[in-house]
Amino acid sequence: MASSADLHTHSTFSDGVLSPTELIDLAYRRGVRIMALTDHDTIEGLPEAFATAARYPDLTLIPGVEISTDIPGSEVHVVGHFIDWQDQEFQCHLQQMRQSRLGRARKMVDKLVALSKPVSWDRVQSLASEGAIGRPHIARALVEAGHVATVNEAFDLYLNRNGPAYVQREHLAPAQVVEMITAANGLPTLAHPRELYGLEELLSQLKTAGLIGMEVYYQGYSPEEVERLHAVADRFALIPLGGSDYHGMGGPQEREPGDIPLPDEPVQRLLALARERGAPGAV
Ligand code: AMP
Ligand code: MN
Ligand code: MN
Ligand code: MN
């Protein structure tokens, strides 16, 4: 079931394949009228995104970001909507995260060389272009070099958390990031929580830190899983949000923008909360 809202998407400013303009054009063509651009660790795609969104008077673009954090043995992603993306301190934090991504990507490339699966650092950097560099760029370079057949295989064999070429990012705690987003007037939501071990304990901690939502509608989530997560969100008084997490990379799991059964009601709750907090552009 399609939705006219999509609150989680990526562009070339992180590990997505489409530019913000191409992404918004595609989403609009598919019937999306409320969307968030949520690139990893960057808001640098937002000026282009807003310029493009201005061509569509009935489209609401929500400034967003997705930040990866670490917990022992796993990672937790936090999406922030309606952030004041011009906030200098917030921009400074993101800049540091991107810098740390660069050093980490370099180390992963060194590990691949040691594993006799070399990829060129220049090529990885050019695949990332000016965007926040990440494992998907290295995965694409591995495909190009012929070491693996698909991006998925690159993750399975080398880049997954337990893979031989994996390197951790600089450690950031989820509560720290929830607070960082809140400090920039953003509304933090826990992303794709299905696999998270100890979810309820994490939620009670993050709720105290300022979490307002949790993704419940997401690619590959069955109606039963949606129901289970919805009940958890209700228990913690969190808005049940979600989105396609569109990257444009293809693959069996991928959903197109808007291709997620996100109902209108929680989206309206998010917009109402943004208005209450005085977020610019929350109509
Ligand atoms: P990073 O932010 O560098 O740790 O890379 C994580 C990103 O890799 C996620 O945001 C996804 O876009 C992508 N990713 C994670 N696992 C897989 C997988 N198994 N296949 C393809 N892409 C993946
Ligand atoms: Mn990604
Ligand atoms: Mn994520
Ligand atoms: Mn994402």
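Modeller: Donors are N, O and S atoms within 2.8 Å of the metal (3.2 Å for Na, K and Ca), and sites may look incomplete because water is not among the atoms. Here the manganese ions, ligand 4 and ligand 2, are 4.8 Å apart. This is a predicted model, in which local features need pLDDT of at least 70 and side-chain atom pairs pLDDT 80 or more, while totals for chains, interfaces and linings use all residues. Residues are numbered from 1 along each chain as written, chains are lettered from A and ligands numbered from 1 in the order written, and side-chain values use heavy atoms, without hydrogens and water.

Biologist: Which protein donors does the manganese ion (ligand 4) have?

Modeller: They are His8 (NE2), His10 (NE2), Glu66 (OE) and Asp245 (OD), lying 2.1 to 2.2 Å from the ion. Glu66 belongs to strand S3 (residues 60-71) and Asp245 to the loop between strand S7 (239-243) and helix H10 (264-276), so this pair ties together parts 179 residues apart in sequence. Helices (H or I, at least four residues) and strands (E, at least two) are DSSP runs, numbered from the N terminus.

Biologist: Which polar contacts does ligand 1 make through the side chains of His40 and His247?

Modeller: A polar contact is a pair of N or O atoms within 3.5 Å. A polar side-chain atom of His40 lies 2.9 Å from an oxygen atom of ligand 1. For His247, a side-chain N or O atom is likewise 2.9 Å from an oxygen atom of ligand 1.

Note on methods:
Polar contact = N/O pair within 3.5 Å; in protein donor to acceptor, adjacent residues only side chain to side chain.
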